[in-house]
Amino acid sequence: ATVHRELAVPSSYDAFLGSLSPSTVKSATRYLRRLEKRFGDRLSLRIFRGASEADRVFTDLGIVAGKTYQHALGVAFAQRQLERRIVTLLMERGWFRAYVLYLDGEPISFWHGHVYRGAFVTGVPGYDPAYTDLRVGNYVLFRLIEDLCADDAVDTLDLGWSDAEYKRRLSTTSRLEQDVHLFAPTAKGCLTNVARSSLLTTVTGVRSLLARAEMIDPIKRRWRDRVTSNGSSVVRS
């Protein structure tokens, strides 16, 4: 089972901040102010929506996505032709939104997703790892939430699957979801099921041990830093 988290979008940004724990608000606002104080007018945030902006979206988000660990894994923004066609369709329907942070006119972080039936469903975000310590990804996320609070057409921020720490801090509801796999009632189907179940049992056991030792998040961070470093080397070369 996988955790799926959502945030019930309040009617105002102040109400959103008031719903968070004091420590979360203090941490978030500290980094937001630090970033704005350091760069001032050199920072700008732009929101893309329409199909007429497709070329700019694919170019600017692609620049940032190419520096992320998701790119090294092949799951970054619009990395495949099918995903580009889906994003284009979302733009044509008027559902797509991309929040892009620029420094001196160069993109350094983004969040994107689409609005459908009152929910903003997030896609895979990205940020330039050179600005990791400044939490530029969090900056864009909070500006995104601020924009959604002012939008009467949106009442839910769908944070998607996985149980990342920031999702636990921001979400107001969560549910467990699970895929159901059907195997043919044949010898091959049974063997496939046994092989898959054996592997998943091992993975689940190891993950449970790491969770009890509170090692999952640190391991993820080290792994992502390593993948990002290797991926960035490939991009630069």
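Is arginine 97 buried or exposed? At 8% relative accessibility, arginine 97 counts as buried. The legends below describe close-up views of a predicted model.

**View 1. The salt bridge between arginine 97 and aspartate 151.** The side chains of arginine 97 and aspartate 151 meet with an N to O distance of 2.5 Å.

**View 2. The salt bridge between arginine 49 and aspartate 147.** The closest N and O atoms of arginine 49 and aspartate 147 are 3.9 Å apart, and the pair counts as a salt bridge because the limit is within 4 Å. Arginine 49 is in the loop between strand 2 (43-48) and helix 3 (54-65), and aspartate 147 is in helix 6 (residues 136-149), so the pair ties together parts that are 98 residues apart in sequence. Arginine 49 is partly exposed, with a relative accessible area of 38%.

**View 3. The network of Arg49, Arg97, Asp147 and Asp151.** Salt bridges that share partners join Arg49, Arg97, Asp147 and Asp151 into one network. Two of its residues, arginine 97 and aspartate 151, form the salt bridge at 2.5 Å. Arginine 49 and aspartate 147 form another, at 3.9 Å.

**View 4. The salt bridge between glutamate 6 and arginine 175.** How many salt bridges does the count come to? The count comes to 14 salt bridges, and glutamate 6 forms one with arginine 175, with the closest N and O atoms 3.5 Å apart. Glutamate 6 lies in strand 1 (residues 2-8) and arginine 175 in strand 8 (residues 173-177), so this pair ties together parts that are 169 residues apart in sequence. The relative accessible area of glutamate 6 is 17%, and the residue is buried. Arginine 175, at 38% relative accessibility, counts as partly exposed.

**View 5. Isoleucine 145 in helix 6.** Isoleucine 145 is a residue of helix 6. Its relative accessibility is 1%, and isoleucine 145 therefore counts as buried.

**View 6. The positive surface patch.** Which residues form a positive surface patch? Lys26, Arg30, Arg34 and Arg135 form it. One of them, arginine 135, lies in the loop between strand 6 (126-127) and helix 6. Arginine 135 counts as partly exposed at 35% relative accessibility, and this value meets the patch criterion because that criterion asks for over 30% relative accessible area.

**View 7. Helix 8 and glutamate 214.** Helix 8 (residues 187-212) has 26 residues. At 1.5 Å a residue, the helix should span 38 Å, and its end C-alpha atoms are 38 Å apart, so the two values agree. Just after helix 8, glutamate 214 takes a positive phi of about 55°.

View 8. Aspartate 104 is not a glycine, yet its phi is positive, at about 55°. Aspartate 104 lies in the loop between strand 3 and strand 4 (106-116) and is partly exposed, with a relative accessible area of 47%. Serine 162, also not a glycine, has a positive phi of about 90°. The loop that holds serine 162 runs between strand 7 and helix 7 (165-170). At 32% relative accessibility, serine 162 counts as partly exposed.

**View 9. Serine 109 and glycine 113 in strand 4.** Serine 109 is found in strand 4, and glycine 113 is found in strand 4. Serine 109 is buried, with a relative accessible area of 0%. Glycine 113 counts as buried at 4% relative accessibility. From C-alpha to C-alpha, serine 109 and histidine 181 are 37 Å apart in space, and they are 72 residues apart in sequence. Glycine 113 and leucine 61 are 52 residues apart in sequence, with their C-alpha atoms 12 Å apart.

Notes. Residues are numbered from 1 along each chain as its sequence is written. This is a predicted model: local features need pLDDT of at least 70, side-chain atom pairs count only at pLDDT 80 or more; totals for chains, interfaces and linings use all residues. Side-chain values use heavy atoms; hydrogens and water are left out. Helices (H or I, at least four residues) and strands (E, at least two) are DSSP runs, numbered from the N terminus. The expected span of a helix is 1.5 Å times one less than its number of residues. Buried means under 20% relative accessible area, exposed over 50%, partly exposed in between (1.4 Å probe, protein chains only). Patches are made of residues with over 30% relative accessible area and no salt bridge: like charges are joined within 9 Å, nonpolar side chains (Val, Leu, Ile, Met, Phe, Trp, Tyr) within 5 Å. Accessible areas come from the Shrake-Rupley method with a 1.4 Å probe; for residues, only the protein chains shown count as cover. Lys and Arg count as positive and Asp and Glu as negative; His and the chain ends are not counted. The place of a charge is taken as NZ of Lys, CZ of Arg, CG of Asp or CD of Glu.
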